[in-house]
Amino acid sequence: MMVRRLAEGLLAQNRASLARAITLLESRLPRSRLVSAALFDRLLAAQTHGASSESFRVGLSGPPGVGKSSFIEVLGKALTDRGHRVAVLAVDPSSHTSGGSLMGDKTRMPELTRDLRAYIRPSPTGGMLGGVARSTRDTIVLCEAAGFNIVLVETVGVGQSEFAVADMVDIFVLLIPPAGGDELQGIKRGIVELADLIVVTKADGELIVPARQVQAEYTSALKFLRPRWSKWKPKVLSVSAQNGEGMAQLWEKMEDFCRLARVSGELTVRRRNQCVSWMWGLVREGAAEMLLNYPAVRRRAKELEQRVAKGDLPPGVAADTLLEAFIGATCREFPLMEQHVEKPDESTSER
């Protein structure tokens, strides 16, 4: 009954139902997972994927202090004023000490928070690498089912490797500050290679000249990088969230990309590949969780942890021992699996 009510509420564009569905999705409880799976089955049965095909998913990433929240506030308001329904998924880093997150993005988006055509959902990373939360992909689908045709995904402040958001959106936008480094540093950053648009923020006041200089440097740097898609050459623009300068031109470029991707079929290809990547990501996550919670592994883990901490055992050997314990226990529990498990080679045994 709860699944039916949530599904009906989502399809009726009820914000409270969307919030409850996302909370269920973020829960790690087994019962919540079952309810979430049943909810997705019902939504797919209602053919909500037809609505998702008309949506536009935008990933926004950049280093801390680049002004992501201010940028989203201005862009989001401009889009709602044009009649779009905008969902903002803001991901905050979780503390390694307490596990908590501040999740204060709404306080930096006061105008968009009060806009009835917008929905802002902060989420913690929960220790997930890549700058996004574990449930970000599923949350995008729920927002689209609730009638939001534009989904903005804001990642945590990133460095060179946290760009998992590029594998779950239609267009990946990299925000850089006016003092973002020279063009050589731009080439070195792996995240630049995945960007469909690069935006220099804070291009106002005394920072106009540095912003234009950085824009020129990144434009030059992109000449040495191979674009992700042969029909689209990444653009570099400068904008100001303070006075709105350049925001209209930026959205025009986003629309151009979306239009070209739809007509050429690139958008469909990207989403299909992302679904496959999504599946294997869930497999890896589930396998790691299963391994850590397996009784045979847990029995050996404490002893091996102590030996590694004392320096009596190399971490690599301890890891191999735990994996062998897991495989051995699994083969004993499921005998038919043993014939499909590859034997370790001599080099692994010797190590």
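The legends below describe close-up views of one predicted protein model. Residues are numbered from 1 along each chain as its sequence is written, and side-chain values use heavy atoms, with hydrogens and water left out. Because the model is predicted, local features need pLDDT of at least 70 and side-chain atom pairs count only at pLDDT 80 or more, while totals for chains, interfaces and linings use all residues.

Figure 1. Helices (H or I, at least four residues) and strands (E, at least two) are DSSP runs, numbered from the N terminus. Of the 351 residues in the protein, 43% are buried. Buried means under 20% relative accessible area, exposed over 50%, and partly exposed in between (1.4 Å probe, protein chains only). The protein exposes about 18900 Å², and carbon and sulfur atoms supply 56% of this area. Accessible areas come from the Shrake-Rupley method with a 1.4 Å probe; for residues, only the protein chains shown count as cover. Among the contacts with a separation of 6 or more, 75% are between residues 24 or more positions apart. Contact means heavy atoms within 4.5 Å.

**Figure 2. The aromatic pair of Tyr 119 and Phe 148.** Rings of Phe, Tyr and Trp (its six-membered ring) pair if their centres lie within 6.5 Å; planes under 30 degrees apart count as stacked, over 60 as edge-to-face and the rest as tilted. The count by this rule is five aromatic pairs. In one of them, the ring centres of Tyr 119 and Phe 148 are 6.0 Å apart and the planes meet at 40°, so the pair is tilted. Tyr 119 belongs to strand β3 (residues 118-124) and Phe 148 to the loop between α7 (136-145) and β4 (150-154), so the pair ties together parts that are 29 residues apart in sequence. Tyr 119 is buried, with a relative accessible area of 7%, and Phe 148 is buried at 2%. Arg 85 lies over the face of Phe 148, at 4.1 Å from the ring centre. A charge sits over a ring if NZ of Lys or CZ of Arg is within 6 Å of the ring centre and within 35 degrees of the ring normal.

**Figure 3. The ring cluster of Trp 229, Trp 232 and Phe 257.** Ring pairs link these three residues. The rings of Trp 232 and Phe 257 have centres 5.2 Å apart and planes at 85°, so this pair is edge-to-face. Trp 232 sits in the loop between α9 (208-221) and β7 (235-238), and Phe 257 is in helix α10 (residues 247-264), 25 residues apart. Both Trp 232 and Phe 257 are buried. Lys 235 lies over the face of Trp 232, at 3.8 Å from the ring centre.

**Figure 4. Helix α7 and the residue that follows.** Nine of the ten residues of α7 are buried, so the helix is largely enclosed by the rest of the structure. Among the buried residues are Arg 137, Asp 138, Ile 140, Cys 143 and Glu 144. Just after α7, Gly 147 takes a positive phi of about 95°.

**Figure 5. The two sides of helix α9.** The buried residues of α9 are Ala 211, Val 214, Gln 215, Tyr 218 and Ala 221. They cover an arc of only 125° around the axis, which puts them on the same side of α9. The arc is that of the directions from the helix axis to the C-beta atoms. On the other side of α9, Val 209 and Arg 212 are exposed. The 14 residues of α9 should span 20 Å at 1.5 Å a residue, and the end C-alpha atoms are 20 Å apart, which agrees. The expected span of a helix is 1.5 Å times one less than its number of residues.

**Figure 6. Met 254 in helix α10.** Met 254 is buried, at 0% relative accessibility. Not counting residues up to four places away in sequence, Met 254 touches Phe 56, Val 58, Leu 75, Ile 171, Val 173 and Leu 197. The C-alpha atoms of Met 254 and Phe 172 are separated by 9.8 Å, although the two residues are 82 residues apart along the chain.

**Figure 7. Glu 111 in helix α6 (residues 110-114).** Glu 111 counts as partly exposed, at 39% relative accessibility. Leaving aside neighbours within four places in sequence, Glu 111 is in contact with Glu 73 and Lys 77. Glu 111 and Lys 77 are 34 residues apart in sequence and 7.5 Å apart in space, C-alpha to C-alpha.
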